Amino acid sequence: GGRVDVLYGEDFFLAESIGMEKRPDGSARWNPEYYGSAIPQAYLSFGSQDISLQVGHFYSVVGYEGLMAPDNFFYSKSYSYQFAGPFTHWGTQLNWNPTQALSVNLGLHNGWDALDREEDNVGFIGKVRYDSLSTGCWSSFAITTGDEFNDSAGVALNPGVTNRSRYSLLFGVPLTCNLDYVFHHWLGSQEEGAADGSDAVWVGIDQYLTYSLSDQTSVGARFEWFRDEDGTRVGLNRASNPNKPPFVGDFYSLSLGVNYAPCCNVMVRPEIRSDWFDGSNSLPFDDGNDDNQFMFGFDVIVSI
């Protein structure tokens, strides 16, 4: 079979591909600055439930959160999702379930979020996940590596094509029948990616705690630490953004949210979130005037 996803809205830039929604040089092809459209997935799949091969465009298996809102507990997205790794890949991926507890993903792709670049390079992606059938605990390790152009934060500090790698280590533990905990550690690096020509590094930890109050209501908390060691990752998503990188230092965020399902196909997700930054003289919030911010937001998801 196959699958095609289509997205329209303010999150389109998270799903764009170089060579499709963007030109091979990275410039916009048809999307304006704020509201746009993207096709984050479009692939064919061959095989069975135990082993299959998917070919085309698909979400990256590296990381914890996903692009589409129904796949996440929180309304807002973590720094690790927005700035630390790839969103999608173009290529081929083998999905294998040798046992009920073990799953393996292995693939080759054309880099991070790219169909056709000015310089195409083959990259590798792999993931192993184990689910304990007796305890409900699970763990996974995923990695992607390959050559990428060094302009990660929107500013080419040291232009060139070098190796970029990112891994993601996850542990999930059901503390009680209603309480679940997820620990996520990740690290990324790019050779010669820093302004002085040394390797650029970004690293962090996300922690999630969710509690089911009833079949209709769950509450959750997320605490995140994101270290942008060389100021190469947290950057400009849109040209009019006045917050100018690099931001060398530590980003922290604390989110508290509720998932309320008044009926089987409706989900309401209110959230409050606090962010703060400890680092260089550059200020990332309030149009470059502050080192912290507070947010309240919510959405309503209707599944048809």
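View 1. D113 is found in the loop between strand 5 (102-109) and strand 6 (123-131), where strands (E, at least two residues) and helices (H or I, at least four residues) are DSSP runs numbered from the N terminus. This is a predicted model, in which local features need pLDDT of at least 70 and side-chain atom pairs count only at pLDDT 80 or more, while totals for chains, interfaces and linings use all residues. Residues are numbered from 1 along each chain as its sequence is written, and side-chain values use heavy atoms, with hydrogens and water left out. Phi of D113 is near 55 degrees, a positive value in a residue other than glycine. Most residues other than glycine have a negative phi. D113 counts as buried because its relative accessibility is 12%, the classes being buried under 20% relative accessible area, exposed over 50% and partly exposed in between, with a 1.4 Å probe and protein chains only. D116 is found in this loop between strand 5 and strand 6 as well, and is partly exposed, with a relative accessible area of 33%. Leaving aside neighbours within four places in sequence, D116 is in contact with I18, G19, P24 and N110, contact meaning heavy atoms within 4.5 Å.

**View 2. D287 in the loop between strand 13 and strand 14.** The loop between strand 13 (266-279) and strand 14 (292-302) holds D287, a residue other than glycine whose phi is positive, near 55 degrees. D287 counts as exposed, because its relative accessibility is 52%.

**View 3. The cis peptide bond between P245 and P246.** P245 and P246 are joined by a cis peptide bond, with omega about 10 degrees, and P246 is found in the loop between strand 11 (217-228) and strand 12 (249-263). Most peptide bonds are trans.

**View 4. The largest nonpolar core and the surroundings of F226.** The largest nonpolar core has 13 residues, and those with the most contacts inside it are Y79, W202, F226, V234 and F251; such a core is a set of buried Ala, Val, Leu, Ile, Met, Phe, Trp, Tyr and Cys residues joined through side-chain atoms within 4.5 Å. Helix 1 (79-83) and strand 10 (200-212) each supply at least two residues of this core. Apart from this core lies another, of 11 residues, among them F12, L14, Y81 and F87. When neighbours within four places in sequence are left aside, the residues in contact with F226 include Y79, F83, W186, R233, V234 and F251.

View 5. Strand 8 (residues 161-174) and strand 9 (residues 179-190) pair in the antiparallel sense over 11 bridges, where two strands pair if DSSP finds at least two bridges between them. A hairpin joins strand 8 to strand 9 through 4 residues, and L169 stands opposite H185 in strand 9. Strand 9 also runs antiparallel to strand 10, to which 12 bridges join it, and the bridge partner of D180 in strand 10 is T210.
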